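Work through the exercises below with the model open. Try each task before reading its solution.

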Amino acid sequence: MRITNEHQGEIVHVDAVVIGAGFSGLYMLYRLREAGLSTRVYETGEGVGGTWYWNRYPGARCDSESICYNYTFSEELYKEWSWSSRFPEQPEILKYLNFVADKFDLRPDIQFRTRVTSASFDEETNRWNIQTDQGDQVSAKYFITGVGCISTANIPNIKGMDNYEGELYHTGHWPHEKVDFKGKRVGVVGTGSSGIQSIPVIAKEAKHLTVFQRTPQYSVPAKNHPYTEEFLQKSKENYHSMRELMRNSVGGMAFKYGENSVLDHTPEQRREVLEAAWEKGGWAVLSAYNDLLINEEGNLLVAEFVRSKIREIVKDTETAEKLLPDHYYGTKRAIIDTDYFETYNRENVLLVDVKKAPIEEITSNGIRTEEGEYELDVIVFATGFDGMTGSLFKIDIRGRDNVALKEKWGNGAKTKTYLGLTTAGFPNLFMLTGPESPSVLGNMPAAIEQHVEWVMDCIEYLQNNEIEVLEAKVESEEKWSQHCRELADSTLYTKTESWYTGANIEGKAKGFQIYVGGYNEYRKICDDVVLNGYDGFTLVTGKANKVI
């Protein structure tokens, strides 16, 4: 089915509508089409890529090792593509996703430059009615969201924003053309992952860089390096074992956590383990021990090790102290970097603590805090995203009785799902890596593959058995949400304010909407639901309208 806009105003009937053409949407489209189901994908951007289409900021790169940060559903695809380095940059990842779209000829079923504005479930027809900002009206049996967990940019509401006369950017919506910082005074607001990646790159080009930091972050060197041909060949030869390791791991990556507790080692042994992990880079420090995120005493020891490294790297004592985090290590999004802390040794870089002296307003010439004004030619907001629910709430999704998803979930305060895939009152709606799934706590392509494959198996079951409606039971989502909360509360995650908990969005309800039990355990739970006849769901056949 080749998509055109020639018949706007007419209602088009398809089997499935998918939102988003990133990792989730592309694979979902591929599987639906392979099953012979007519499918439309709507994508806001002008090309495929999802998050990687928009996040083009300086230094943007993947923080999962590239040999794992790709699809594994096709051995042929896995062996055809070769990554250049351990942690690839945004252009290479976008090139990979374009390669996938071309290899499987996916573009004809994707409508670009189109935003889905609303979707409502029709209880008489058991179909979803979907509308777009381009005037499309579509009726679909299945409505599948692949909007991403971190794709809605968080632009803080700061007084005077409209008065600023310089250049203003957000890392999540970066221009496609290069931004020139040469000879300019630049301010970066935010030191999360995108800030930590972009700050070293901008500092090398700008005349002067002022970093406005609210919360110091732990970060470990990526130790990125080019891949050798020998390494790539070996990785491709080990495709099957690599795939199994990823599918059965806690975080969907091809490594295992250390076998010891932090407290099993003497201070000398622990220092040796952590020094080796620091030198290895990437996720080695986070995965050095098996209880880092549940052992408070052990976590504080590892956190102090990372703080000691910051003190070693940053030469100015006062600046180093400002950069020292005081939360539990790994409970905010774990970050890896290239020369982040070293950047503060440059003469053209200044760190401003805006927790001590908050930003009061954006002036015509720059940023004014309680301690004074900083004149800037360019302001870069590296303030992250409205995570987990933000992208879903941008669409007016309505289920039974015309209840809006945003209303049902209490604007995020009462979010409840079943398996992070479905929610009661919204039949035949599937959310890829939705709230209360493992999603962002690991390697996203691995999480996406598991979700897409589960959804596709489910749809084929419904089709083969003439089932019109699949809907999560209220008691199922109550039980699942409670299970997710109990798991989260058994860790240190909920003891730290982060974008995981919604703390980065002013006025957003606080909560931890991620399943923390690991990708491997989650996969088993989802498989058991299927083995038990889609336990936890109500299934309704079409002709007799019979619940089974």
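This is a predicted model: local features need pLDDT of at least 70, side-chain atom pairs count only at pLDDT 80 or more; totals for chains, interfaces and linings use all residues.

Residues are numbered from 1 along each chain as its sequence is written, and side-chain values use heavy atoms, without hydrogens and water.

**Exercise 1.** Give the strand order of the open sheet of five strands, and find its edges.

*Solution.* 
- Strands are DSSP runs (E, at least two residues) and helices likewise (H or I, at least four), numbered from the N terminus. Two strands pair if DSSP finds at least two bridges between them.
- The order is E7-E16-E8-E9-E12, and the pairing is parallel.
- E7 (167-170) and E12 (349-353) each have a single partner strand, so one side of each lacks a neighbour in the sheet.
- From one strand to the next, the twist averages 20 degrees. Angles run from 0 to 180 degrees between N-to-C directions of axes, which are lines fitted to C-alpha atoms, for helices over the stretch in contact.
- E8 (185-189) and E9 (208-213) are joined by five bridges. Val186 has Leu209 in E9 as its bridge partner.

**Exercise 2.** How do helices H8 and H9 cross?

*Solution.* 
- H8 spans 267-280 and H9 spans 296-313.
- Their axes come within 11 Å and cross at roughly 60 degrees.
- H8 and H9 are therefore oblique to each other: neither under 35 (roughly parallel), over 145 (roughly antiparallel) nor 65 to 115 degrees (roughly perpendicular).
- In contact (heavy atoms within 4.5 Å), H8 residues including Leu274 and Trp278 meet H9 residues including Phe305 and Ile313.
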